[in-house]
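Subject: Structure handover

Hello,

Here is the structure I promised to pass on. My notes follow below it.

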Amino acid sequence: MAAVTVPLNLQSAPAKTGHPAFLDHIGIPKALSWGFLGVLVFMIGDGVESGFLSPYLLHEGLSKERVALLFTVYGVTASISAWFSGALSDLWGPRRVMMLGLGVWATLQVAFLGLAVPTHHYWLLLTSYGLRGFGYPLFAYGFLVWVTAVTPRQRLGSAVGWFWFAFTGGLPTLGSLVASFTVPWLGTYRTLWFALALVAAGGLIALFLVREPTGRMRLAPTGERPVATLLGSLSIVWRNPRIGAGAVVRTVNTAAQFGFLVFLPVFFTDTLGFSLTEWLRLLSAMFATNIFFNLLFGLVGDRLGWQRTVAWFGGVGCAVTTLLLYYGTTASGDNFPLAMVLVSLFGATLAGYVPLSALMPSLAPEHKGQAMSALNLGAGASTFVGPAVVALFLGPLGVEGVMWIFAGLYLASAGLTVYLTLPEQTSTAGDGQDGRKDAVTGAF
């Protein structure tokens, strides 16, 4: 097999001035630096509503069933959009996909706030808010494809770590924090308009201040037809079994996270004796820890190897911390400090899967957008696989049995990473022939 060379983007190379050199040193490509800030601000705006929109709509007179349907439609459209973000980036280029995402989000938010909310017309609410779910994945994951397309492979793990740092730092962490100040000051309805201003600001920062040329061009090979490009974003899962294995690993990554949200609140409050406030603080600690370890494991992956980091820190690490979370809390009861440590450990190991975002496009260098579509498809699948495991097994096996199932899935995902390796011929693209470790396998 002929060697595959991943060209380095000259604009991402360290500059001689102090500031750009520092950015490159910590893993942020100079040419894309404003994009990371734009994603952070955009996702803060997107996350503003996460802590209060549901009770706000209930207060406005919607039933619980209608609110649940509203969020279900939003989740479905977001999952579809996550898959399309990679395929359309291959077809149009990441920047145009980001523009589409910003346009969809802004237009439908105006319809939601200007027409649907004041009139309380449910079908307008369902259409405007539900379809707005197409917005943020096109913008954010379009930028992620851009990052994978131009970042040198030996630094790609660090770059995607910074992406997830910006993404999760905005949604839900800083978004909820912003809302805690603006809701008492502006009121709920005006806070939703303020969210639109933040999203617009983040989008404009990324689209107008990032000048890197690769993101303005289609990423698919010249001459490939549009229909083939779109269908290829699905068929790559079986055309390239390694991509399929990576999609399964990504599904396992956050399956337990979504499953935990179904039954752990009741387990912690009714069985262990924590108050609802204590549980919410524990949940916040889990995600806050995850944010910083997203960045750390991106850096670790570039040095230890992406595959090795996902296998040991992600798969094996999550299996261990899942069981620790159950047996540690059942043994100690409502011991809040210990529970804080245990949920933080799980949040940290959950970030061990971050190098997947660098590994997957490197497995298909000629179809990076398709590879990212498969990764995003796995992410979308985890939103219903986790709750499905709980629905099927919580009754017959109880909480302990479900925790063992999730631990087993994590170990299985660690085993699947054996297939997430590149042929030896491609290693020259990542090691720079300078004695560095190959970021994919961790080997010299």
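Of the 444 residues in the protein chain, 55% count as buried. Bear in mind that this is a predicted model.

**Overall build**

The chain holds 17 helices and zero strands. Its C-alpha trace spans about 60 × 50 × 45 Å along the principal axes. The radius of gyration is 21 Å; a compact globule of 444 residues would have one near 22 Å, so the two agree.

Residues 24 or more positions apart account for 83% of them.

The exposed surface comes to about 18,500 Å², and carbon and sulfur atoms supply 70% of that area. On charge, there are 23 positive and 18 negative side chains. The centres of the two sets lie 9 Å apart.

**The core**

The largest nonpolar core has 111 residues. Which of its members touch the most other members? They are Phe112, Phe143, Phe163, Phe260, Phe263, Phe268 and Tyr410. Helix 16, residues 368-416, gives the most to this core, with 12 residues.

Setting aside neighbours within four places in sequence, tyrosine 410 contacts Val252, Asn253, Ala256, Gly315, Cys318, Ala319, Thr322, Phe346, Leu350 and Tyr353.

**Buried sites**

The contact lists here also leave out neighbours within four places in sequence.

- Serine 81 sits in helix 4, which covers residues 64-92. Its relative accessibility is 1%, so serine 81 counts as buried. Its contacts are Gly133, Phe134, Pro137 and Leu138.
- Asparagine 294 belongs to helix 12, residues 276-304. It counts as buried because its relative accessibility is 4%. Asparagine 294 touches Gly161, Trp164, Phe165, Thr168, Ala351 and Val354.
- Tyrosine 326 is part of helix 13, residues 306-332. At 13% relative accessibility, tyrosine 326 is buried too. Tyrosine 326 is in contact with Phe267, Val399, Glu400 and Met403. Leucine 342 is 16 residues from tyrosine 326 along the chain, and their C-alpha atoms are separated by 9.0 Å.
- Tryptophan 162 lies in helix 8. Is tryptophan 162 buried or partly exposed? Its relative accessible area is 18%, and the cut-off for buried is under 20%, so tryptophan 162 counts as buried. Tryptophan 162 makes contact with Ile26, Gly27, Ile28, Phe36 and Leu295. Between tryptophan 162 and phenylalanine 181 there are 19 residues of sequence separation and 26 Å between C-alpha atoms.

**Partly exposed sites**

- Tryptophan 92 is also in helix 4. With a relative accessible area of 31%, tryptophan 92 is partly exposed. Leaving aside neighbours within four places in sequence, tryptophan 92 contacts Val97, Leu100, Arg216, Met217 and Arg218. Alanine 220 is 128 residues from tryptophan 92 along the chain, yet their C-alpha atoms are separated by 8.7 Å.
- Arginine 155 falls in the loop between helix 7 (135-150) and helix 8 (156-186). Its relative accessibility of 27% makes arginine 155 partly exposed.
- Histidine 120 occupies the loop between helix 5 (94-119) and helix 6 (122-132). Histidine 120 is partly exposed, at 40% relative accessibility. Check the backbone here. Phi of histidine 120 is near 55°, a positive value in a residue other than glycine. Most residues other than glycine have a negative phi.

**Where to start**

After that, look at the pair formed by tryptophan 92 and alanine 220, with C-alpha atoms separated by 8.7 Å.

Best wishes

Definitions and conventions:
Residues are numbered from 1 along each chain as its sequence is written. This is a predicted model: local features need pLDDT of at least 70, side-chain atom pairs count only at pLDDT 80 or more; totals for chains, interfaces and linings use all residues. Side-chain values use heavy atoms; hydrogens and water are left out. A nonpolar core is a set of buried Ala, Val, Leu, Ile, Met, Phe, Trp, Tyr and Cys residues joined through side-chain atoms within 4.5 Å. Buried means under 20% relative accessible area, exposed over 50%, partly exposed in between (1.4 Å probe, protein chains only). Helices (H or I, at least four residues) and strands (E, at least two) are DSSP runs, numbered from the N terminus. Contact means heavy atoms within 4.5 Å. The radius of gyration is taken over C-alpha atoms; the globule rule is 2.2 Å times the number of residues to the power 0.38. Accessible areas come from the Shrake-Rupley method with a 1.4 Å probe; for residues, only the protein chains shown count as cover. Lys and Arg count as positive and Asp and Glu as negative; His and the chain ends are not counted. The place of a charge is taken as NZ of Lys, CZ of Arg, CG of Asp or CD of Glu.
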